[in-house]
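Please read these notes with the model open beside you. They are written as numbered points, and each can be checked on its own.

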Amino acid sequence: MPSDFSVKPTLTGDRVLLRPFVDDDLAAFEAILADPEVARLTGSPPGEGLEPARLRAWYGTRNSQPDRLDLAVVDRATGACVGEVVLNEWDRHNNSCNFRTLIGPAGRDRGLGTEAVRLVVGYGFEQLGLHRIGLEVFAFNPRARRVYEKVGFVVEGTLRQVLRDGDGWVDAAVMSILADEWAAHRGHPPV
């Protein structure tokens, strides 16, 4: 049942709605990407934000990409766009891809990210026919690692000193979840 990523679905959870990007999301992403914590947790170089024209060009083309799935994360309680989830680096032959997410300050610490990850990972396995979804998470981002573990991602190893952080270096954990693991627990692994 493998498919390409050209279909951009709307996925609805209790707390979040995942949907294709709309022009009104640009202001939210300008604010999210200007947040110093977002920049640090994503490994972006300090002070290197996207100017509005580049931001508009980037998000304006996400809905037409046939080899990746980028969806806005919308807080259902407020209707505000609070981040994004992305399945990218698609390897068609091996039915695998990379996962990344970005949740801004307005979406943190309320379970929105966890639900968003469950929705898009479930879509990846159940609708796109993926076999493996992998990711990397920096050691200084335990909140994200906890979310990934709650959804069923398993640590495979460590990339040592992969990111410069000030005067030091930071490791990244390599994590993945497989289709048969997802089928067994649907994003709610036993503790």
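**Notes on the model**

1. Arg-186 is found in the segment after helix H6 (179–185); helices here are DSSP runs of H or I with at least four residues, strands are runs of E with at least two, and both are numbered from the N terminus. Phi of Arg-186 is near 50°, a positive value in a residue other than glycine. With a relative accessible area of 47%, Arg-186 is partly exposed (buried means under 20%, exposed over 50%, partly exposed in between, with a 1.4 Å probe and protein chains only).

2. This is a predicted model, in which local features need pLDDT of at least 70 and side-chain atom pairs count only at pLDDT 80 or more, while totals for chains, interfaces and linings use all residues. Residues are numbered from 1 along each chain as its sequence is written, and side-chain values use heavy atoms, with hydrogens and water left out.

3. Gln-161 lies in strand E7 (residues 154–165). Its phi is near 45°, again positive in a residue other than glycine. Gln-161 counts as exposed because its relative accessibility is 51%.

4. The largest nonpolar core has 35 residues, and Leu-87, Ile-133, Tyr-148 and Phe-153 have the most contacts inside it. Such a core is a set of buried Ala, Val, Leu, Ile, Met, Phe, Trp, Tyr and Cys residues joined through side-chain atoms within 4.5 Å. Elements giving two or more residues to this core include strand E4 (81–91), helix H4 (112–126) and strand E6 (132–138). H4 gives the most, with 7 residues. Apart from this core lies another, of 11 residues, among them Phe-21, Val-38, Tyr-59 and Cys-81.

5. What does Ile-133 touch, not counting residues up to four places away in sequence? Its contacts (heavy atoms within 4.5 Å) include Leu-87, Phe-99, Val-121, Phe-153 and Ile-177.

6. The axes of helix H1 (residues 25–34) and helix H3 (residues 52–61) come within 10 Å and cross at roughly 120°. H1 is therefore oblique to H3 (under 35 degrees is roughly parallel, over 145 roughly antiparallel, 65 to 115 roughly perpendicular, and the rest oblique). The contact is made by Leu-26, Phe-29, Glu-30 and Leu-33 of H1 and by Pro-52, Leu-55, Arg-56 and Tyr-59 of H3.

7. Asp-25 is also placed in helix H1. At 4% relative accessibility, Asp-25 counts as buried. Leaving out residues up to four places away in sequence, Asp-25 touches Arg-19, Pro-20, Ala-72 and Cys-81.

Terms used:
Axes are lines fitted to C-alpha atoms, for helices over the stretch in contact, and angles run from 0 to 180 degrees between N-to-C directions.
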